[in-house]
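Hello,

Here is the structure I promised to pass on. My notes on it follow below.

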Amino acid sequence: MSSVHFSFAPVQICLNGTSPDELVEQHEKLLGALRGAQEALTAAAPNGRDWQLKPAESFAHAQREHAKRADVLRLLVLAVERELEAILDQAPACPGCGRRGTPASRSSNLCGRCLLGRKP
Ligand SMILES: [Zn+2]
């Protein structure tokens, strides 16, 4: 297990701050990138044949370092998922469809699709 630890520091959604939709988009994009990094890291996992000319302990060391990197990425994904959940919990729900996000106008709590009469 890694010694890296991320503490929970969720944003507070407010009228003058970044909109809930933008916060959700930012965090979803970040999660996508981190999951891409996890895939790339898995593909780059140490292969024993690349350490066969080195001392026996070298491959085990490379495997331990790889596991640490994977652990850091896993912790990052969990931290960002937790933040995204906190954002979604604070975002107002559209009374038309229940989708959480930024209302389409200040005079209505409806999302853009419901305000325009479109089915979500
Ligand atoms: Zn809606």
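Start with the contacts in the chain that have a separation of 6 or more: 52% of them join residues 24 or more positions apart. Bear in mind that this is a predicted model.

The fold is quick to describe. The chain has three helices and zero strands. From the N terminus, the order is α-α-α.

Now the overall dimensions. The C-alpha trace spans about 70 × 30 × 20 Å along its principal axes. The radius of gyration of the chain is 21 Å, whereas a compact globule of 120 residues would come in near 14 Å. Of the 120 residues, 7% are buried.

Next, the helix pair. Helix α1 covers residues 20-43, and helix α2 covers residues 56-90. They pack with their axes 10 Å apart, at an angle of about 160°. Angles over 145 degrees count as roughly antiparallel, so α1 is roughly antiparallel to α2. The crossing of α1 past α2 is left-handed.

Here is who makes the contact:

- From α1: P20, L23, V24, H27, E28, L30, L31, L34, R35, A37, Q38 and L41.
- From α2: R69, A70, L73, L76, V77, V80, E81, E83, L84, I87 and L88.

By class, this contact of α1 with α2 has 16 nonpolar residues. Two polar and five charged residues complete the count. Among the charged ones are E28 and R35 of α1, and R69 of α2.

When you open the model, look at the α1 and α2 pair, with its axes 10 Å apart.

Best wishes

Note on methods: Residues are numbered from 1 along each chain as its sequence is written. This is a predicted model: local features need pLDDT of at least 70, side-chain atom pairs count only at pLDDT 80 or more; totals for chains, interfaces and linings use all residues. Helices (H or I, at least four residues) and strands (E, at least two) are DSSP runs, numbered from the N terminus. The radius of gyration is taken over C-alpha atoms; the globule rule is 2.2 Å times the number of residues to the power 0.38. A residue is buried if 20 or more other C-beta atoms lie within 10 Å of its own, exposed if 12 or fewer, and partly exposed in between; C-beta atoms are placed from the backbone. Two residues are in contact if their C-beta atoms, placed from the backbone, lie within 7 Å. Axes are lines fitted to C-alpha atoms, for helices over the stretch in contact, and angles run from 0 to 180 degrees between N-to-C directions. Angles under 35 degrees count as roughly parallel, over 145 as roughly antiparallel, 65 to 115 as roughly perpendicular and the rest as oblique. A crossing is left-handed if the near helix is turned anticlockwise from the far one by less than a right angle, and right-handed if clockwise.
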